[in-house]
Amino acid sequence: MTAALTGIAAAAPAIAMLGMFACLIGGITLIVNNRDRRKGILMLVMAAVLLANVAIWTL
């Protein structure tokens with residue numbers, strides 16, 4: 001694997017975790033403010049999927 005791809009592969013879990021936290025905060029905000037409960041729940045599900053992906057990548 002080239003050096004560029006190795007760097008991207010090392011950064012991918014960190015970027016995914018930032019996305020997971022953004023989805024978690026956004027989903028909770030949507031649910032608490034009663035703006036769009038369905039989208040909030042979907043964002044929480046997406047955060048769980050991202051967390052599972054990072055857990056699988058690190059194993």
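How do the axes of α1 and helix α2 (residues 37-58) cross, and within what distance do they come?

## Helix pair

The axes come within 8 Å and cross at roughly 160°. Axes are lines fitted to C-alpha atoms, for helices over the stretch in contact, with angles from 0 to 180 degrees between N-to-C directions. α1 and α2 are therefore roughly antiparallel to each other (angles over 145 degrees). The crossing of α1 past α2 is left-handed, meaning that the near helix is turned anticlockwise from the far one by less than a right angle. Helices are DSSP runs (H or I, at least four residues), numbered from the N terminus.

## Model basis

This is a predicted model, in which local features need pLDDT of at least 70 and side-chain atom pairs count only at pLDDT 80 or more, while totals for chains, interfaces and linings use all residues. Residues are numbered from 1 along each chain, and side-chain values use heavy atoms, without hydrogens and water.

## Nonpolar patch

A nonpolar surface patch consists of F21, L24, I25, I28 and V32, with about 470 Å² of accessible area together. Nonpolar patches join side chains within 5 Å, from residues with over 30% relative accessible area and no salt bridge.

## Salt bridge

The whole structure has one salt bridge (a Lys or Arg side-chain nitrogen within 4 Å of an Asp or Glu carboxyl oxygen). K39 pairs with D36, their closest N and O atoms being 3.9 Å apart. K39 is exposed at 51% relative accessible area (over 50%), whereas D36 is partly exposed at 30%.

Notes
Patch = residues over 30% accessible without salt bridge, like charges linked within 9 Å, V, L, I, M, F, W, Y side chains within 5 Å. Areas by Shrake-Rupley, 256 points an atom, 1.4 Å probe, with all protein chains shown as cover. Helix = DSSP H or I, 4+ residues; strand = E, 2+ residues; numbered from the N terminus. Parallel < 35°, antiparallel > 145°, perpendicular 65-115°, else oblique. Buried < 20%, exposed > 50% of the residue type's maximum accessible area, 1.4 Å probe, protein only.
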